[in-house]
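Work through each task before reading its solution.

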Amino acid sequence: MTTGTLITVAPTGAESSKADVPALPVTLDELTLTAKECAALGAAVIHVHIRDDEARPTLDAGRLRETVAALREGTDLIVQLSTGGAVTDPEAARLAVLDAGPDMASCTMGTVNFGDDVFLNRWEFIVDLHTRMQERGIVPEYEIFDLGHLTALQRLLGKYGLPAGGHVHVDFVMGVPGGMPGTTDALVACRQALQDLPAGTTFSATGVGRSTLPVMLASLSAGGHLRVGMEDTITYAKGQPVESNMQLVARAVSFAQLAQRPPLTPAEARQLLGL
Ligand code: KMH
Ligand code: ZN
């Protein structure tokens, strides 16, 4: 059944530097302002990576708690912390992200080459993340960088049970050099594979770099949801840098409206995601 569109904004990520991308929100003030403006446009979820005083990626526990509190105070967005962090972050720090008590957290379903790096997600680590989120009532978003990650998710749910809230939501992260391509064919293959997951499983998709537009269009036409933001996209069109996360959210909202699947409110999104 086709519903409205869940729009997630991923405003910062861990890969771009502030020096290279000055519009990237890196301070708490920049992040909360971005969050408020994206919420006003139609975003319902914010996928959060934070930075330190030098704008480097960090998983500092105090900063994460402060960030969750500020986003809750300033917006009604669903706060999803990244447990992916940067490719250099150790597993213990990534697990400790859950201590900040977000509504949701990401859980990547396997190891993937990530440009010249490796984004390591061992099976035991995935199991730890999944079961700790179950215990704490944190709803996961399972990040799928490759088709086989969906098979790993099927195995995870079969062995360890459904996530907190009982609903399964996945995000196809497409077009990472080393992962699946950001194409309609790849998205359809992933959506087909959802038939082996619990009935009612929902998906979002994001296309990195130049796959942003094809993935957005494919996801909307296939009944999926959207993640957009400067974590994944820093070029709006050929030769035109992204000016702000709001520009990307506004484009996603207009595409969703064109598809007659308008943005879900945060309250509707909470219902969809089992929060
Ligand atoms: N920064 C990437 C290495 C996530 O947030 O869970 C991992 C990532 C996935 O962004
Ligand atoms: Zn992320």
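**Exercise 1.** Which strands each supply at least two residues of the lining of the largest pocket? Describe the pocket as well.

Solution. The model is a predicted one.
Step 1. The strands are β6 (104-108) and β8 (117-119), each of which supplies at least two lining residues.
Step 2. The volume of the largest pocket is about 530 Å³. Its lining has 29 residues, and the closest to the pocket centre are Glu15, Phe114, Val176, Glu231 and Asp232.
Step 3. Sorted by class, this lining holds 11 nonpolar, 11 polar and seven charged residues.

**Exercise 2.** Where does ligand 1 sit, and which residues surround ligand 1?

Solution. 
Step 1. Ligand 1 takes the space of the largest pocket.
Step 2. The shell around ligand 1 consists of Glu15, His47, His49, Ser82, Gly84, Gly85, Val87, Ser106, Thr108, Phe114, Phe119 and Glu231.
Step 3. By class, that shell divides into three nonpolar, seven polar and two charged residues.
Step 4. Polar contacts are read as pairs of N or O atoms within 3.5 Å. The side chain of glutamate 15 has an N or O atom 2.9 Å from a nitrogen atom of ligand 1. For histidine 49, a side-chain N or O atom is 3.1 Å from an oxygen atom of the ligand. A polar backbone atom of glycine 84 is 3.4 Å from an oxygen atom of ligand 1.
Step 5. Ligand 1 exposes 300 Å² when taken alone, and the protein buries 97% of that area.

**Exercise 3.** How many cavities of 30 Å³ or more does the structure hold? Give the volume and lining of each.

Solution. 
Step 1. There are two cavities of 30 Å³ or more.
Step 2. The largest cavity contains about 70 Å³ of space. Its lining is formed by Ala14, Val48, His49, Ile50, Pro57, Thr58, Leu59, Leu64, Ser82, Gly85, Ala86 and Asp89. Seven of these residues are nonpolar, four polar and one charged.
Step 3. For the second largest cavity, the volume is about 50 Å³. Lining residues of the second largest cavity include Ala205, Thr206, Gly207, Met216, Leu226 and Arg227.
Step 4. At least two residues of this second lining come from each of β11 (202-207), α7 (212-221) and β12 (225-228). The lining of the second largest cavity divides into five nonpolar, four polar and one charged residue.

Methods
Residues numbered from 1 in each chain as written. Chains lettered and ligands numbered in written order. Predicted model: local features only at pLDDT ≥ 70, side-chain atom pairs only at ≥ 80, totals over all residues. Heavy atoms only, no water. 1 Å grid on protein atoms, 1.4 Å probe; cavity = no way out; pocket = protein on both sides within 12 Å on 5 of 7 lines; lining within 4 Å. Points joined across faces, edges and corners; volume = space filled by probe spheres on them. Nonpolar A, V, L, I, M, F, W, Y, C, P; charged D, E, K, R; others polar. Helix = DSSP H or I, 4+ residues; strand = E, 2+ residues; numbered from the N terminus. Near = heavy atom within 4 Å. Polar contact = N/O pair within 3.5 Å; in protein donor to acceptor, adjacent residues only side chain to side chain. Areas by Shrake-Rupley, 256 points an atom, 1.4 Å probe, with all protein chains shown as cover. Sits in = over half its atoms within 2 Å of the grid points.
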